[in-house]
Amino acid sequence: MQNGYMQRGQYRSKRAKKNRIVNKLSFWLLAAAFAGITVFVTMQPVNNLDNNIAAFIQGWESDSLTPIMKFFTVLGSTKVSILIAAVVLGVLYLIYRKLSEPILFAAALGGAAAMNVLFKQIFSRPRPEVHRLIEETGFSYPSGHTMGAMALYGAIAFLLWRHADKVWKRTLIIIGTIILVIMIAVSRIYLGVHYPSDITGGILASGIWLSIVIGIYQWMQEKRA
């Protein structure tokens, strides 16, 4: 019996160490990528790379595709994100009866929103001026929709992934989340309210924050184990 407890303890310790390594590696890779794209955007707010990618995506425009893109952009809007967040927070508390997961979820969303406001004020990049299918106000870099979607659906995916008991379930969660975030991100370019680099910066910035929040959450869980 004692050997069984020791083996489980060793397994948890190895898994925790692996999680820490993966989390730290993810943080530094995302931070380096975000720093690189931020320098690029700061030096060239308007550039051919952004314009060419945007022109390619906007070349898909059609009467049938535009409503689909508007639907996905709504899924990343503030009002819908708040509604989804409230529902998820309530469900998490009702199911697990503990505050750690709702707190992680709230921290992921709140921190990403605060970071976006701060970064937009710092970089003050104007939005694209041509080919807008909807109107938006405020600065462009990084994309708030994309940061919010990455934080919201990324946090949901992490929490679902933790409780999934099969590899295929975890795979579906990851694939579904990636597709959803990409569709929301691409919709912003398609609708003409963001440059591709705004989208990339948003994903990276939100990924950095998620890695911090998840890292703290896992550390706290290890301390309680």
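The model is predicted, so local features require pLDDT of at least 70 and side-chain atom pairs count only at pLDDT 80 or more, while totals for chains, interfaces and linings use all residues. Residues are numbered from 1 along each chain as its sequence is written, and side-chain values use heavy atoms, with hydrogens and water left out.

The protein contains 8 helices and 0 strands. Helices (H or I, at least four residues) and strands (E, at least two) are DSSP runs, numbered from the N terminus. Along the sequence the pattern reads α-α-α-α-α-α-α-α. The C-alpha trace spans about 70 × 35 × 30 Å along its principal axes. Of the 225 residues, 40% count as buried. Buried means under 20% relative accessible area, exposed means over 50%, and partly exposed lies in between (1.4 Å probe, protein chains only). The protein exposes about 13000 Å². Carbon and sulfur atoms supply 69% of that area. Accessible areas come from the Shrake-Rupley method with a 1.4 Å probe; for residues, only the protein chains shown count as cover. Among contacts (heavy atoms within 4.5 Å) with a separation of 6 or more, 80% are between residues 24 or more positions apart.

Two helix pairs illustrate the packing. Their axes are lines fitted to C-alpha atoms, for helices over the stretch in contact, and angles run from 0 to 180 degrees between N-to-C directions. Angles under 35 degrees count as roughly parallel, over 145 as roughly antiparallel, 65 to 115 as roughly perpendicular and the rest as oblique. Helix H6 (residues 144-163) packs with H7 at an angle of about 175°, and the axes are 10 Å apart. H6 is therefore roughly antiparallel to H7. On the H6 side, the contact includes His145, Met150, Tyr153 and Trp161. On the H7 side, Arg170, Ile173, Leu180 and Arg188 are among the residues involved. By class, this contact has 12 nonpolar, 4 polar and 3 charged residues. Here Ala, Val, Leu, Ile, Met, Phe, Trp, Tyr, Cys and Pro count as nonpolar, Asp, Glu, Lys and Arg as charged, and the others, Gly among them, as polar.

Helix H2 (residues 48-58) meets helix H7 (residues 167-190) in another arrangement. Their axes come within 9 Å and cross at roughly 95°. The two helices are therefore roughly perpendicular to each other. Ala54, Ile57 and Gln58 of H2 make the contact with Val186, Ile189 and Tyr190 of H7. These residues divide into 5 nonpolar, 1 polar and no charged.

The whole structure holds 8 aromatic pairs. Rings of Phe, Tyr and Trp (its six-membered ring) pair if their centres lie within 6.5 Å; planes under 30 degrees apart count as stacked, over 60 as edge-to-face and the rest as tilted. One of the pairs joins Phe34 and Phe119. Their centres are 5.3 Å apart, with 35° between the planes, and the pair is tilted. Phe34 lies in helix H1 (residues 2-43) and Phe119 in helix H5 (residues 100-123), so the pair ties together parts that are 85 residues apart in sequence. Both residues are buried. Phe56 and Trp60 have ring centres 5.6 Å apart and planes at 80°, so this pair is edge-to-face. Phe56 counts as exposed at 57% relative accessibility, and Trp60 is partly exposed at 39%. Ring pairs also link Phe34, Phe119, Phe123 and Tyr141 into a cluster.

Tyr141 also takes part in a cis peptide bond, which joins this residue to Pro142 with omega about -10°. Pro142 is found in the loop between H5 and H6. The loop between H5 and H6 also holds Ser124 and His131. Ser124 has phi near 45°, a positive value in a residue other than glycine. For His131, phi is near 55°, again positive in a residue other than glycine. Ser124 counts as partly exposed at 30% relative accessibility. His131 is partly exposed as well, with a relative accessible area of 35%.

Ser81 sits in helix H4 (residues 78-96). This serine is buried, with a relative accessible area of 10%. Ser81 touches Leu75, Gly76, Leu109 and Leu152, not counting residues up to four places away in sequence.
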